[in-house]
Each structure stands twice: as structure tokens, then as C-alpha cells.
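Thanks for coming. Let me put the sequence and the model up, and then I will walk you through the contacts.

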Amino acid sequence: MKTRIKEYRARYDLTQEDLARKVGARRETILFIEKGKYNPSLSLAHSIAKALNATIDELFIFDD
Amino acid sequence: MKEKMTIVVGAGIAVLVIFTFAFYFIAKETIELFDIVSILIIVILVTTSIYFIWDRLKNLKAGLPAQDERLKLAGYKAGYYGFIAAIWSAIGSNLGYNILFDQELRGGLVVAAVVLVSGIVFMISFIYFSRKGN
């Protein structure tokens, strides 16, 4: 799974730590999600999407 | 508040364990194999506690949660591996001792081996999963 979180973060000038604070996760978790090494729960994915003013579909790209 | 309380209680327990064992070994005249295993167990428990406390404090200071869903998942996975290791070490320690020394291992030592092996496996797998991701 690929993500566009980094791109959206840059758009709002947010660091990984800022985003982590907003969604109540650890910085490493955001890092692993961005690298595709961790698949977040639906709840966390929703929080990230909300924090970045995007939808889950826009942030997470699934390879069919 | 709950997270801070957990850290304080964890640190307190770690200190108490160290003091208890220090007094125990000062009072003891001879050190046996069982004592060496006990020391190893204590070292593992205290090292793990210190690592967890340091890691949580670091995050709390940065205004981040001490634990999140990924870390909880890492804990569950590590617990599973620790459980499997406990089962196999219960069988393996006695069997290995029997093959190597042609003797039965004392019950207390089997328990010590189970705690030691499962503790090490839990600690290594938790650190591995929390540093690697999925």
C-alpha cells in the first residue's frame, strides 16, 4: 500500500510530529505508515485523513 | 495522568526489585546456579522496564502519547511469541538438560528457564516489532 501522507503534510507544512500530535499517535507510527510498513486501523486512517483535510481514498492507494 | 502514573509505578517497582535482590545477595554466603539464573531474570526485567519507561517518557515530553495502536499491536505480537517460547522452553529445558547431563532438572530451575526464555523472547520481539513496523 502506498500513501500520499507526505505530500499532504508538505501542503499544510506539518512535520511528522505535528501530525502525530493531531491524531494522537507516536511519530514512528506516522513514519511507518508513510513508508508503507504499517497499515493503520480504519479509525487512525480516518483521523489522519481528517487532520489533512482529505479522504481516506485520497491518502491511501491500494494496489489491486 | 494515567500514563504518568504507570511510569511512576513502573519505576518504583524496578527500584524495589533491585533493592530486594541486592539485600538478598548481600545476606547470602554462597551463590548457586539458581541464583545466577535469578540474577539474569532480574537483569532482563529491569532492563526491559528501564527501556519502556525511557521510551514513554521521551514521547510524553514531546507531547505525544506514550502508547498508540501500533505499539499495542507490537505488545500483543511479542506476547504471543513469548507465550510460544514459554511452552517450548518448558519442554526443551528439561529435555536438553537430560540429554546433556543425564539428569532431571529441578522444578524451580524449569520455572526459571521458562521465565528467562519467554522474557528474553518477549523483550527482543517487542523491540523488533516496535522498531520495524508491521
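**Salt bridges, interface, cores**

A:Arg21 is partly exposed, at 39% relative accessibility. The scale here is relative accessible area: under 20% is buried, over 50% is exposed, and partly exposed is in between, with a 1.4 Å probe and protein chains only. A:Glu17 is partly exposed too, with a relative accessible area of 28%. The side chains of these two, A:Arg21 and A:Glu17, meet in a salt bridge, 2.8 Å from N to O. The rule for that: a side-chain nitrogen of Lys or Arg within 4 Å of a carboxyl oxygen of Asp or Glu. Why are A:Arg21 and A:Glu17 separated by about one helical turn? Because they sit 4 residues apart in helix 2 of chain A. Helices are DSSP runs of H or I, at least four residues, numbered from the N terminus.

Some ground rules. This is a predicted model, so local features need pLDDT of at least 70, side-chain atom pairs count only at pLDDT 80 or more, and totals for chains, interfaces and linings use all residues. Residues are numbered from 1 along each chain as its sequence is written, chains are lettered from A and ligands numbered from 1 in the order written, and side-chain values use heavy atoms, with hydrogens and water left out.

Now a second pair. A:Glu28 and A:Arg26 form a salt bridge through their side chains, at 3.8 Å, N to O. Are they buried or exposed? A:Glu28 is buried, at 10% relative accessible area. A:Arg26 is buried as well, at 2%.

A:Arg26 also reaches across to the other chain. Its side chain meets that of B:Asp55 in a salt bridge, 2.7 Å from N to O. B:Asp55 is buried, with a relative accessible area of 6%. A network of salt bridges links A:Arg26, A:Glu28, B:Asp55, B:Lys58 and B:Arg131. Over all chains, the rule gives 9 salt bridges. Across the interface of chain A and chain B, it finds 1.

On to that interface. Helix 2 and helix 3 of chain A each supply at least two residues of the side that touches chain B. Helix 3 gives the largest share, 4 residues. By type, that side of chain A divides into 6 nonpolar, 4 polar and 6 charged residues. Charged means Asp, Glu, Lys and Arg; nonpolar means Ala, Val, Leu, Ile, Met, Phe, Trp, Tyr, Cys and Pro; the others, Gly among them, are polar.

How much do chain A and chain B bury between them? About 1,400 Å², 45% of it on carbon and sulfur atoms. That is the accessible area, with a 1.4 Å probe, that two parts lose on being put together, summed over both. A:Arg26, A:Phe32 and A:Tyr38 supply 48% of what chain A buries against chain B, more than any other three residues. In contacts, meaning heavy atoms within 4.5 Å, 16 residues of chain A meet 19 of chain B.

Last, the cores. A nonpolar core is a set of buried Ala, Val, Leu, Ile, Met, Phe, Trp, Tyr and Cys residues joined through side-chain atoms within 4.5 Å. The largest has 21 residues, and A:Ile5, A:Leu19 and A:Leu59 are among those with the most contacts inside it. Helix 4 of chain A gives the most to this core, 5 residues. Apart from this core lies another, of 11 residues, including B:Ile41 and B:Leu105.
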